[in-house]
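Subject: Model for your attention

Dear colleague,

I am handing over the structure below, and after it you will find what was found in it. Please read the notes with the sequence and the model side by side.

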Amino acid sequence: MNDYHGSAAGPSSGSGDGSAPRRNSKRPKYSKFTQQELPACKPILTPRWVISVLTLVGVVFVPIGVASLMASNNVVEIVDRYDAKCIPGNMSSDKVGYIQDDTIDKSCIRTLTVPKDMDQPIYVYYQLDNFYQNHRRYVKSRNDAQLRDSEQADKTSGCDPEKNARDGSPIVPCGLIAWSLFNDTYSFALSGKILTVNKKDISWKSDRDHKFGKDVFPRNFQNGTLKGGATLNPNIPLSDQEDLIVWMRTAALPTFRKLYGRIEQDLKANDTITVTLKNNYNTYSFNGKKKLVLSTSSWLGGKNDFIGIAYLTVGGLCFFLATAFTVVYLVKPRKLGDPSYLSWNRNPSGH
Amino acid sequence: MSRGREFLPLVSSEREEREGEREEGANKTSILPSLSLCLLSSCVSLLLVEEIIPAHTLPVADLTVLGLREVGIFDGLAQRFHSCCAGLKRKLKWGLMGPRLGKRDRLRWSHLYTFACARSTALVDDEQSSLLGPGFSRIVHCNQSQLHRKPPLNYCNNYISTTRYNAITFIPKALFEQFRRVANIYFLLAAILSLTPISPFSPLSMIAPLSFVVGLSMAKEAMEDWRRFMQDMKVNRRRVCIHKGEGNFGNKQWQDIRVGDVVKVEKDQFFPADLLLLSSSYEDGICYVETMNLDGETNLKVKRSLEVTLTMEDDTAFKDFTATIKCEDPNPSLYTFVGNFEYERQVYVLDPSQILLRDSKLRNTSYVYGVVIFTGHESKVMQNSTESPSKRSRIEQKMDSIIYILFTVLVLISLISSIGFAVMTKYKMPNWWFLQPFNTTSLYDPSRPAVSGVFHLVTALILYGYLIPISLYVSIEVVKVLQATFINQDILMYDEEIGKPARARTSNLNEELGQVDTILSDKTGTLTCNQMDFLKCSIAGISYGVRASEVEMAAAKQIASEADDPENVIHDHWEDNVGAYGSSGIELVNGITCMVEKTQKPAIKGFSFEDDRLMHGNWRNEPTASTILLFFRILALCHSAIPELNEKTGDLTYEAESPDEAAFLVAAREFGFEFYKRTQSSVFIRERYSSSEKPVEREFKILNLLEFNSKRKRMSVVVRDESGQIILLCKGADSIILDRLSKNGRMYEIDTTKHLNEYGEAGLRTLALSYRVLDESEYSAWNNEFQKAKTAIGPDREAQVERVSDMMEKDLILVGATAVEDKLQKGVPQCIDKLAQAGLKIWVLTGDKIETAINIGYACSLLRQGMKQISLSIANTDLITQDANKAAKENLKLQLTNASQMIKLEKDPYAAFSLIIDGKTLTYALEDDLKNQFLSLAVDCASVICCRVSPKQKALVTRLVKEGTGKVTLGIGDGANDVGMIQEADIGVGISGVEGMQAVMASDFSISQFRFLERLLVVHGHWCYKRIASMICYFFYKNIAFGLTIFYFEAYTGFSGQAIYDDWYMILFNVVLTSLPVISLGVFDQDVPSDVCLQFPALYQQGPKNLFFGWPRIIGWMFNGLYSSIIIYFINIAIFYLAAFRSDGQTADMAAIGATMFTSIIWVVNVQIILIINHFTWIQHLLVWGSVVAWYIFLFAYGMASPTISGDAYQLLQEALGSAPIYWIVTILVIFACNIPYLAHISFKRMFTPLDHHVIQEIKHFKLDEVDQHMWKREKSKARQKTKIGFTARVDATIRQLKGKLHRKVSSLTIQTMF
C-alpha cells in the first residue's frame, strides 16, 4: 500500500518534458525548509527522562532552599512598631489631632534590644503599612523631566494637584509623591554613645547621577496651604536629597520598607539601643503602622524565609513526583512504543 | 445488484451530411458558375429537406397557441422555400463580391435521424402572443451595439468583476471588515479611550499594536483581492472576433463587448457572453456545445439556429444585418429562455436551443456567429454565481466563543475591580491624605464614588485587555499565511503535467482541512478525466484483454501484500487451499510493474487493450473468427461520429459526442477496422486484415440510425453491406440487449453474462453488442412505418418513433460485450481508499446520468458487488399537478422509511449500503419535511451517489449535510457547476485542471489532481489543525497568565488601575516577546512526519473528533494560565515586597518587582511552549530562546535609554537586578513551580493513556519500525478505519467471501471424511 502511495503522491517526473521550461516556472522549488523536512530534534517524554528531570530538579532545589533558609536565618532583624507607642496617653483618642498639631513636640524615645550579634552594615529601614504608594493617582503624580533638568522646572504635567504654587510658579519637585515625603527622623545611641547613621548612598547611584539633577534645587516646596510631609532644604540639589530619591521609588505594595540609612558599626547581642525619633509623619489618618527596622543582610538580601521554603517545597514536590512516577511505573509499566496502546488495538470495535 | 449501469452516453443529436467541397476555389472569379452552384445547392437542399413533407398548411398561430415549440417538422414548405430563396439571393450577391469562405461540412442528413426534432421556426404573426408584462422588457438591436451605449437600452458591458473591493471602497470596506471582529472593536475603543486620562496606559501603547494588527490584516486582504482582480482581468482581456461594421470582423477584448454585437466564436473557444446563435459552419446552423462549466455534463449539446438566420454564414453577411430581439430580463435560469426575434418584418419565437451561454465552449464546430444578448453580470452564468461567502473555520468560531468567555471574565474582574475601587474611594480614600482626596477630579472623587467607579470600569476594561490577546488574530493570520505558503510550496502536490502547484487561495481554513468529515465530490473532471479506454471485450463467449483495470491491480496488490503477512493465520490457512487465487494476485502485481513501464511510452489514447489473440490480425486464427469480425464491424459502424484527419500527423481523430464512442472507434481502428470517411449515406471502413493482404476499403450504406437516449439505453444502425444484405447492428446496456435476444441468439449468453459481471465488478463500463439480419421485405415494411412515425406531427411523435424502433430491435443475436474503463484520474481510487481509511465519508454529486455515476462508483470502489444498493426514485409524472407532487412525495417517504428499516434490521456487521438518488427525486428529498429523514438514511449508508443534480441541488445537498450533521464538509469540483457546492461547503476545493477557472475562483483551495486531496487533508490538514489548536490554546494560556497578574496587582493598589509593568513591557509582550515562538509552533510543529501521517490515516481522526480543541482542553489550558498567574505573582510579591533584595540593603520598588515578575512570565511561557512543541528545528530554538534573550536585551537597552523614556526602569537590569542573586533565583523557582505540574500531567497522561501519535512517536524515536518491520506493517494496516468503501473494503469483502466459501468447503470435507 505504501508503494502505490509513493507513486501516487510522488513527483511524477519525466512526463511533460516537452513543455517543461515555461511550466516549470511554477514548480515549487525544493528546499528542506519549504518541504518542512528540516532536520529536527523530536524529544519525547520517556519515563526515564521525566524521572531524571524531576530528580535533578529536586537535587538542585533542595540545596538552594537550604542555603536560602540559612542565609535568611543569619540575618538579624529588629522590628519596632512605634506609631501607637509614641503617642502620649492623653492624645490616644485623637491621634490625628495629635499628629496634625504642629505645636506638640513629636519626639519619642524607643529602646531596642539586639537579639543576636549584628555585623555592620546594619541597615535602618522605616516600614509603612496601609500606605498606597502604588495608587495610580499617586504613582503618576510626578514629573521626571523636571527632576532631572533645572531648565525644565516648569514641566509639571502629571503633577496634579501639587503642580504650581499659588503664584503659578512651578513647584520643584512637584507632585504628590514628593509632597508626601516621609519625615520621621531617627537617631540612635548605644549606651549613651551616639550611633551615627550614614545616609549617604542609600539610593540607587543611577538615580542620583541621572534622574535627579545636580543643579535642580527645591522650589516652592511645601509652600501650599496643605502641608504634606517633609520639607527640603532648598540649598541642597535634588541629587543629594537621598531621602527624597528613595521615597520617589514608589513601592509596589501598600506595606513597604524604605532604606533610611546605615549604621556602620557592629552590634553585640543584648546591646540596648536608644532611638530618639521624631514622630512627624501622619499615618494615623489611615491607620497605617509605622515600624523601625534594623537589619543586617545576607547574599540574598534581608530576612526572607519564603524563598527557602518555596525552594524546598518545589524540590520536595519534584522528589515526590519522581518517586510516584517510579512506583507507578514499576507497578504498571508501559513499554515505550508498544503498539498495543494504539487506539485501534485498545478498542478494536469502535474507532 | 441491478445491472443497469452499463451503457454509454451515446449520440443524441442531429447529424449533418457532408458534401464535397463544392464551392471551394475553382470558381473564384466566375460569377455564373457560382450562381449555378448556388442554385443547385439550394435546390438540393430543398429536395433533401425532408422526405415527404405533406403540405402542412396549418395556420402558424395555431401551433404557437398550442405551445408546441418542439414541433420540429413544422417547416412549412413555403417558408423553407422562402428562406432558400433568400439564401440564394445572398449567395448570388456574395458570388459577385468574391470568393466565399470554405465550409467545412455539408449536412442534411435528416432522413437518418430518428429523433431529430425541434427546429422551432415558428412564426409569430403578431406580437401579443408573448412577451408582455414585467420581466420581459429586454430589447436587443442586433448588430447595432451603439444603440446599447446610451439610455434607455444601456445594458451593462461585458466586464466582470469578482473582487470584493475597489480602490475607493477598499479602505472603508476593509476597515469595516476588520472591525466586525469584536475583539478589534474593543481594542479600537480602548485606543480611543487611551487618549483620555481614563486610560491606565499611554496612548501609544494602545494604538501601536492595534494599527499594526489591523494594518497587517488589511494588507493581506488587499493582496488576496488583487489576485482576484488579476484573475478577472485575465478573463476580461480574452479576445474574441467581433463584427466591426461593413462586414469586417476584428478582435476585441471580452470586456468591450456590448449587447447587440455580432461575434464569431471559433472552435474550442468559450462564448464571451450569452449569445443568440445565428449560424454556424454547418450549413443547417447547428453547433455543438460543451456545458461542463455550467452543469458538469460532459456530453455535447446541440444548438440550432433559427432557419432564417442560418444562411448568414460568412463575415460579409453581417454588413447590413439588423434584427431586434425582445426577450426576458436577465435571470439565473440556465435552461429557459423566452424571446422573440424580429427579422425582415417577421417575428420568430426563440427558445433555449438557440442560446449559447457564457462559459460554455464551442465543440466540433469550426465557428459560429451569434449576437450578444446578455453581457457581463447579466449573463446567466454570472446571475447564477453568488457572492462568495467568507468562511470561517470551526476552530475560529470556537475561538470566538473563547474570546466571549474571556470578555465575560474581563467584564467580571473589571466589575470587581471597579466596585472595589468605588468602595475604596468612598471609605478609605478620604483618609489617604497623601492623595489629597479633596482636591481631585471626578476620576478619584470620594464624594461621588459611583461616578469614579464608572470611570474606573472603563479603565479596568482597558487595563485587563491583556486577557484578550490582541495579537491573536494577527498571529493566527500570519501563521495561516505561512501554512498556506507551505501548502503552495509542497512539491508533492505539484502536477508536472499540468504544471500547477496546489494553492491555498484563502488561508483561513487551513485547520479546517484537518477536521473534514464528509467529502462531496463532483465526478467528471474531478474523479475521472472523462476519457474512455477500451480495455476488454468478450466475443463469442470468450473474454479478451489481459490488462487489469485499476481496481483489479490494486486488489491484486492488496491480496499479495496480505499474503506475506504471517500474523494472519486464517489467511494462511486459506492461502494453502486457495493458492491459485493468491498466486494469480502476485502474478498480477508483477504484471503491473511491467505494465507501468509500458505506459511510459506514448500509448494510444482511448485504447488500453492488450491481448495478442486479437491484435495484429491474429483474431483470424481464432475459432470464432466470423463472430469476431462481426463484433469489430459493429464497433466500427454503430455510432454517429465523424472522422477528422489531422493534417500534421495524418492520423484520424474522431469527433464523437461521447468519449466512449471515440474509444470504440479507436479500438476498431487498432483491430484493423478503420472508420475513415462518412458521407451522407455511407460509412467507409478500411479493413486491414481481410482475406487479401492489402487493406480493403468497404462502404456500408447507412439506412437508418436509431439513436440513443437514456430511456432506450441502446442505439442501432441499419446498414446495407456491399453484398446488399441488410443488417441491424445494435449496441446497448446489457440488460436491455439480453432481453431482446432471439432464441438462437443466446448462444453466448451465459458466458457473456459472466464476463459482464466480472467487468462490472472490475469497475468497467460495459455494453453488449448484437446484430440481426433483415430481409429486404421485412425491412421495407418496417421502414415505411418508421418514416411515417418520423414525420408524424404531434406530441406523440417520439413515442411513435420509439415504438417503431422497438419493433425492429428484437430477436437480436448476441455477439459479445465491451468493457471500457472510464479513466479515473491518476491515483483517484487509492486516494479515495486512503480517505476512507482516514474515516472520511465520500459523496458523489454529479450532473451525469445515473448509470455513468454508478459506473464510476464501481471504479472508485465507492460501490462494489455485494453492497446493498438503495435506489431512490420516483415514477415519472408528466402531470405537474399538486396531486402528483403529493403522491411522489408520499412515495418517496415510503421508500425512505423502508430503506431505513432495512438498514436497522440488518444483522450482518459487514453489510454495507449505498444510496443512489437522482436529481428529480432529490428535489422532493430536499424539501423541509423529508430532508432530515433523507439525511439520516444517507448518513447510514457507506456511500451516497446523487446523479443528475443541478448546481443548485449540489449546493443544497451540501448545505443539508453541513447543517444536518454539523460536521465539516468539503466540496470538491472542477466546473462552474460545482461553484455552488464549493461555496456552500465548509471548505471548497477546486480542481485546477485545464478547464475553466470558475471552480478554482470560487474555491478555498485549488489542487490540480484529485489525488492531492489526500496529502492536503491527511498531512497538511492534520498538521494545521494541531498547530492551530495548540497555538490558540497556548495563546489563551499565555494571556491569562499575564493578564491576571495585572489584576492581582491592581487589587493591591486599592483597585486604582495601576499596572506593575512598564507600558513598554506590555506592548512588547504580545507583539514581540511571546509572539514568535507561538508562531513557530503554529507554522512548523509536526507531531509525526508526513509519511507517518499518510501511513496511519487513523491519525487524521484526531481532527474530526476534535481531540485537541475540545472544551476540556481549552478549559484545562485556562486553568493552567490561572495557576501560572497565581504562582508568578505571589512568589514574586512574597519575596520582594518587604525585605531587601540585595546584600546592599535596598528594597525593591515597583519597577524592580515589575521587571522581575515580567522576567518570570517570559520564562514561564517560553518554557511552557517548549513542552508543547514536538519538533525542534533550529528555527524553533532560535525563536524560543531568542525571545527570552530578546527580553534581557530589551531590558538592558531600555535601561540604557534616557531616564525620561525609561523612567524607573532606568539601568534597572544593570544596576539593581542583574547583580542580585535573588533575581535569578526567583526566576528559576517560578519557572519550575509553574511548569512542573504541567510536565507531570502530560507525562502521566502519556505514560498511561497515550494517544496514537505518542505511541508512534515512540516507535519512531526508538526506531522500532526498523527493528520490527512486521509490527510496523501490521499496525499500518490496522490503523485503517473500518471502512465500507474503497479498495480495501472491496478486498476485505472478497477475502471474507473466500473464507466463507472455504469454511463451507472445509466443513463439507469434514462431513465427508466422517462418513
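How many bridges join strand β3 of chain A to strand β7 of chain A, and in which sense do the two strands run? Seven bridges join β3 (residues 122-128) to β7 (residues 256-263), and the two run antiparallel; strands here are DSSP E runs of at least two residues and helices are H or I runs of at least four, both numbered from the N terminus, and two strands pair if DSSP finds at least two bridges between them. Within this pair, Tyr123(A) stands opposite Arg262(A) of β7(A).

Before going further, please note that this is a predicted model, in which local features need pLDDT of at least 70 and side-chain atom pairs count only at pLDDT 80 or more, while totals for chains, interfaces and linings use all residues. Residues are numbered from 1 along each chain as its sequence is written, chains are lettered from A and ligands numbered from 1 in the order in which they are written, and side-chain values use heavy atoms, with hydrogens and water left out.

The β3 and β7 strands belong to an open, antiparallel sheet of five strands in chain A, ordered β1-β9-β3-β7-β6. Strands β1 (77-81) and β6 (197-198) of chain A stand at its edges with a single partner strand each, so one side of each has no neighbour in the sheet.

In chain B, strands β19 (residues 642-645) and β20 (residues 652-655) pair in the antiparallel sense over four bridges, and Pro643(B) has Tyr654(B) as its bridge partner. These two strands form a hairpin with six residues between them, and Gly650(B) in the turn has a positive phi of about 80°.

As for the interface, the contact (heavy atoms within 4.5 Å) takes 118 residues from chain A and 131 residues from chain B. Five salt bridges (a side-chain nitrogen of Lys or Arg within 4 Å of a carboxyl oxygen of Asp or Glu) are found across the interface of chain A and chain B, and one of them joins Lys211(A) to Asp1208(B), with the closest N and O atoms 2.9 Å apart. On the side of chain A that touches chain B, helix α10 (residues 305-331) of chain A gives the largest share, eleven residues.

Finally, Thr55(A) is found in helix α3 (residues 47-74) of chain A. Thr55(A) and Ala322(A) lie 267 residues apart in sequence, yet their C-alpha atoms are 6.0 Å apart in space.

With best regards
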